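Please look at the sequence and the structure shown below, and keep both in view while reading the explanation that comes after them.

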Amino acid sequence: MQTVTFITRRAVHSIFVLLGLSIVIFTISRVIPGDPARVAAGARAPEWVVDNLREQMHLNDSLPVQYGFWLSNALQGDFGMSLVTRRDVSQDIREFFPATFELALYAGVIMAVLGITLGAVSARHKDKWIDNVVRVISYMGVVTPSFVFAIIFLLIFGFALGWLPTIGRLSEGMTPPPTVTGIYTIDALLAGDLATFWDALQHIILPAMALAMGSMAQQARITRSSMADNLTKDYIGAARALGVPEWTIMSKFLLKPSLIPTISILGLDFAGTMANAFLVELIFNWPGISRYGINAMLRKDLNAIAAVILVLGVVFIVVNIIVDIVVAQLDPRIRMAAGRSG
Amino acid sequence: MAEQAKTLDATAINLETWKKLERRSRRENLGRSWYKFTRNPLSVVGLVTVGLIVFLAVFAPYVTPYPEHAGPFTDFANAKQPPSLEYFFGTDTIGRDVFTRTIFGFRFSLTMGLIVLTLVVPPGVLLGLLAGYFHGTWIDTVVMRVTDIFLAVPPLILALAIAAMLKPNLLNSMMAVSLMWWPWYTRLVYGLATQLRNEYFVKSAETMGASKSHILFKEILPNCVSPIFTKMSLDMGWVILIGSSLSFVGLGVQPPKPGLGTMVAQGARHLPDLWWISVFPALGIVVIVLGFNLLGDGLRDLFAAEEV
Amino acid sequence: MTGQPLLEIKDLRVNYKVYGGLLEVIAGVNFVVYPGERVGLVGETGCGKTSTMKAILRILPMPPAQIAGGEIYFKGQDILKMSHNQLYKVRGNGISMIFQDPTAALNPVFTVGQQMEAVLKNALFDGKKLGKRQIKSDALQALKEVSLADPERLLKSYPVQLSGGMRQRVCIAMALSTQPEMLIADEPGTSLDVTIQDQVLRLLHNLVLEKNTSVILITHTLGVVRETTDRVYVMYAGNMVESAPTKQLFDRPSHPYTQGLMEAVPRLTGGGVAEGIPGRIPDYLSPPTGCRFHPRCPHVMDICRQQKPPAYQIDDGHQVACFLYDSKEGSRK
C-alpha cells in the first residue's frame with residue numbers, strides 16, 4: 001500500500017518535471033534563430049512551399065500554441081520529421097532505442113555485479129595487497145572518461161589482439177534476429193539462433209565494458225567504503241560479541257546495510273548510462289539513440305533533439321523511481337519514515 | 001576607578017598576547033594540516049600533479065618544443081610521424097606536434113574548470129545558505145524545488161542540448177555544464193546550513209541582534225568552507241572530464257584549437273594506424289582528472305580527520 | 001570470595017596506534033569476577049572501561065588497537081590465546097555483552113527476529129546446537145522474560161519501529177537468550193530517559209538474580225553501583241585504582257580519586273555543595289609518569305610522580321593502588 005502511494009506521488013512529480021523539461025527544450029528550440037520551415041523544405045524549394053510548410057508547422061502561431069500542438073502530437077507518438085534522416089522521428093527512435101538499451105543493460109549488469117563484488121572483496125581484505133590493487137584499478141576507472149576506455153579496448157582487444165570485433169552490432173553478412181524486443185542477444189536466443197546470439201554478444205562486450213568501467217569503479221569504491229564504515233559500527237561488534245560467526249556477519253549483516261548507498265548510486269549511474277552511451281557509440285559505430293541524439297544536436301535537428309531528450313528523460317525518471325523503491329525495500333528506516341510522514 | 005583602570009589594562013595586554021597566540025596557533029594548525037596531508041603519499045602525488053599541470057599550462061609557450069603548432073600551422077612533410085625523439089608524441093595528420101598541443105590542451109582543460117566553478121559556486125552556495133538558514137520558509141521550498149527540477153534531468157543531456165542550441169564553443173559548453181552543476185553546491189550547503197543554524201554560536205549571534213547577512217556570511221559560511229573547498233577540487237576533475245567529453249563530441253573546444261577531447265576525436269578516425277594522435281591527449285585527460293581527484297581526496301581526508 | 005574465579009584479567013595492556021604515536025589506553029589492569037558475583041566497574045568517560053570489556057571478548061578494532069600484554073582467563077583458559085573456534089564458544093555462550101547504545105547495537109535493516117535467530121543459531125546448550133523451532137521458542141521466551149509485550153509481533157519488527165526502552169530490552173533479551181555464565185552490561189540505560197533507565201536496571205537486577213549469572217556492570221553513576229553490585233572496581237585512566245566490596249567502598253573510600261568521586265555526588269540531605277575533581281583526564285599519548293592520577297591528587301607525594309603504585313591490601317577484599325597506603329611511604333595506615 002505504501003509502495004503504491006509512493007509510486008503515484010513520484011509519478012505525478014515526474015510528470016511535472018517532464019512537462020517543465022519539455023517546455024524548456026521546446027522554448028529553446030524555437031528561440032534559436034533560423035527557419036525550421038526553410039530547412040525542412042530545402043534550400044531550393046520555392047517561397048510558397050516554404051510558406052505553406054510554415055503554416056502547417058504552426059510556426060506563425062504564438063509559442064504556447066505551438067507548444068500545445070507539439071505536445072499533443074508527441075503524446076500520440078508523433079514527434080515530427082527528422083531533418084537528418086528525413087523520416088518520422090518516432091521511427092528513428094523505434095529503430096535506435098533498443099540498441100542503446102541493450103548496451104545499457106549489459107553495462108548495468110557489469111557495473112552491478114563486478115562493481116559490488118570487487119568492492120566487497122576489497123573491504124574484506126582491507127589494506128592487504130588485493131585491496132590495494134582493486135583500489136588502484138577503481139581509481140583509474142573513475143578518472144578515465146568512457147571514450148578513452150573505448151579507444152583503449154578497441155586498440156588492445158580489437159586490433160592488437162584481434163579477439164573481438166570493433167564495429168556495429170553484428171558482423172558483415174549476419175542478419176538481425178526477428179524483432180521481439182529489439183535486443184539482438186535476447187531476440188536471437190528467443191529465436192533459437194545461437195550463431196547470431198554469439199555474434200551479437202561478441203559485438204557488445206567491448207562497448208558495454210567501456211561504458212561500464214567508470215561506474216563499476218565507482219561502485220567498487222562506494223561498496224568498499226560503505227562496508228569499511230559499517231565494519232566499525234556497534235551492531236557488528238554486538239553481533240560478534242554474541243557469538244555470531246564471522247562469515248554470517250560478513251555476508252549478511254554487513255552486506256545488506258552496506259548495499260544501500262551503493263544501490264542508490266548504481267541506479268543513478270544506470271539511469272545516466274543510456275544518455276552517456278554516445279561516447280562509446282561513436283567509437284564503436286553503434287547505431288544507438290544516444291548517437292542519434294548527438295547527431296541531431298550537432299545538426300540542429302530540432303524535432304529529433306526534443307524527442308530524444310524527452311524519451312531519455314522518461315527512462316531516467318522511471319529508473320530513478322524503481323531505484324527508490326528498491327532502496328526503500330532494503331532499508332526499513334526509509335519505509336517507516338515514508339509511511340509515518342504520509 | 002583604579003579597579004576599572006586595572007581591568008582595562010589587563011584586557012589590553014591580553015588582547016595583544018591573544019592576537020600573537022592566534023597567529024602562532026594558526027601557523028601551528030597550518031603546519032599540522034600540512035603534516036597530516038603529507039602522511040598520505042597519494043595526496044602529495046595529487047598536489048604535485050596538479051601543480052605540474054598548472055605550471056605547464058601557464059608556461060606552455062616556453063616549455064614546449066614547438067609552440068607554433070598550437071595555432072594554425074601545417075607541415076605535411078612531417079605529418080603522421082609516430083612518436084620519436086624529435087616529436088615525443090608524434091605528429092598528427094597535418095604535421096603538428098602532438099606533445100606540444102597536449103600541453104597547450106591543458107590550458108583549455110583548466111579554463112573549463114575555472115569557468116564552471118566561477119559560474120557555479122557563488123550562486124550555488126548562496127542559494128544553499130539562504131535555503132538552509134531559512135529552512136521551512138517559502139525561500140527553502142522554492143529554492144529546493146528548483147534544485148530538484150534541475151537534478152531530475154539526466155545531467156549530460158541538458159548540458160548537451162543547451163550546448164548544441166548555442167554556437168558550439170568552449171564558453172557556451174561550459175555555461176551549459178554550469179547550468180546542471182550548480183544544484184550540487186546548493187544541496188551541499190543546504191545540508192550544512194540546516195544543521196549549523198541550530199548551533200549555539202548561531203543562536204547567540206541571533207540573540208545579540210546580528211544582521212542576517214552577518215550570520216550567513218560570518219557565522220555559517222566559514223564553517224562550510226572545508227566541504228565546499230574539497231568539492232571544488234574534486235569538481236575540477238569532473239568538469240574537465242565532462243568538458244573533454246563534450247569536446248570529443250564536437251561541442252567544446254573547436255578544431256583547430258588543441259583541446260584534449262577535440263584531439264582525441266580527430267585522432268579517432270585514424271585508429272589504429274595513427275594511434276598516437278588520440279592516445280596521448282587521452283592520457284593527458286586521465287592525468288589531469290587523476291591529479292585533481294587525488295588532491296581532492298587528500299583534502300577530504302584532511303578535513304575529515306580534523307573534524308574528530 | 002572463595003572458589004575459582006570465573007574471569008581473571010592479569011596485567012592487561014592495550015595500545016591504540018594513532019597519528020602521533022601510541023595511546024596507552026589500558027596500562028596494566030587486574031580484574032577478577034567470581035561465579036554468581038555482581039561486579040561494578042566505575043570510572044569517568046574515557047578511562048578505558050569499555051575497552052577493557054571489549055578486550056575480554058576480543059572485539060576491539062584490531063587495526064588501531066593492539067594487545068600489548070597480559071592475560072584474560074575465563075574458566076581457566078586464556079582468551080587472548082584461544083583459537084577462533086574456542087573463542088566462538090565463549091562469545092555468547094560463556095560471556096554475553098549489552099552495549100551502551102541499544103539503537104546502535106541493533107542492525108537497522110534486519111528484524112529483531114532475524115538478529116535473535118542469528119545469535120541463537122550459534123549458541124550451544126550442553127554442547128549442542130538448537131533446531132529451528134527451538135530457536136524460535138527460545139527467542140520468544142527471552143523476549144517475554146524482559147517483559148516485552150506481544151513478542152510474536154516483535155520478532156517481525158525492525159529496530160526503527162521500537163522505542164528506546166524496548167530496544168534496550170531486546171538487547172538484554174538477546175544477550176541472555178544464550179544463557180551465558182557472565183553478562184557484561186556497558187552502561188545500560190544511559191542513553192535513555194532516567195525513569196526508563198531505572199526500569200531497565202531493575203529488570204537486569206531481577207533477571208540476574210534468577211539465573212545466577214555473573215555480571216560486570218559498567219557505569220559512571222555511583223548510586224547505581226551502590227544498589228546493584230556486590231563488589232566494585234574503580235578505574236582511572238587505564239588503571240584500576242581501587243576495588244572493594246560495595247559497602248566497604250562507600251563506607252571507606254580510600255583512593256583519593258574515589259574520594260573525589262564520592263564528594264562530587266550531590267546529596268539531598270546534609271547540605272553542602274558538591275565539589276568536582278579539578279583537572280582533566282590525562283593525554284594517553286604522553287600520560288603522566290608514575291601514578292596517572294598524581295596531577296590531580298590533593299595528597300600527591302614525590303614518589304607518586306616517579307613510580308606506579310602497586311595494589312595495597314588494606315582490608316578483606318579491599319585493595320587500593322596508592323602510595324598513601326604503603327607502610328613505608330604513606331602517611332596513613
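This is a predicted model: local features need pLDDT of at least 70, side-chain atom pairs count only at pLDDT 80 or more; totals for chains, interfaces and linings use all residues.

Chain A is built with 15 helices and zero strands, and its C-alpha atoms fill a box of roughly 85 × 60 × 40 Å along the principal axes. Of the 342 residues in this chain, 44% count as buried. If we take the contacts in chain A with a separation of 6 or more, 72% of them are accounted for by residues 24 or more positions apart.

Chain A also touches chain C, with 22 residues of chain A in contact with 28 residues of chain C. On the side of chain A, the elements that give two or more residues are α10 (234–241), α11 (246–276) and α15 (332–341), and of these α10(A) gives the most, with seven residues. Sorted by class, this side of chain A has 12 nonpolar, four polar and six charged residues.

In chain B, how do α4 (residues 98–133) and α10 (residues 225–249) pack, and at what angle? Their axes are 9 Å apart and the angle is about 130°; because angles over 145 degrees would count as roughly antiparallel and 65 to 115 as roughly perpendicular, α4(B) and α10(B) are therefore oblique to each other. The crossing in which α4(B) passes α10(B) is right-handed. Among the residues that meet there are Met112(B), Val116(B) and Leu117(B) from α4(B), and Met232(B), Met236(B) and Val239(B) from α10(B). The residues of this contact divide into 10 nonpolar, four polar and one charged.

Key. Residues are numbered from 1 along each chain as its sequence is written. Chains are lettered from A and ligands numbered from 1 in the order in which they are written. Helices (H or I, at least four residues) and strands (E, at least two) are DSSP runs, numbered from the N terminus. A residue is buried if 20 or more other C-beta atoms lie within 10 Å of its own, exposed if 12 or fewer, and partly exposed in between; C-beta atoms are placed from the backbone. Two residues are in contact if their C-beta atoms, placed from the backbone, lie within 7 Å. Ala, Val, Leu, Ile, Met, Phe, Trp, Tyr, Cys and Pro count as nonpolar, Asp, Glu, Lys and Arg as charged, and the others, Gly among them, as polar. Axes are lines fitted to C-alpha atoms, for helices over the stretch in contact, and angles run from 0 to 180 degrees between N-to-C directions. Angles under 35 degrees count as roughly parallel, over 145 as roughly antiparallel, 65 to 115 as roughly perpendicular and the rest as oblique. A crossing is left-handed if the near helix is turned anticlockwise from the far one by less than a right angle, and right-handed if clockwise.
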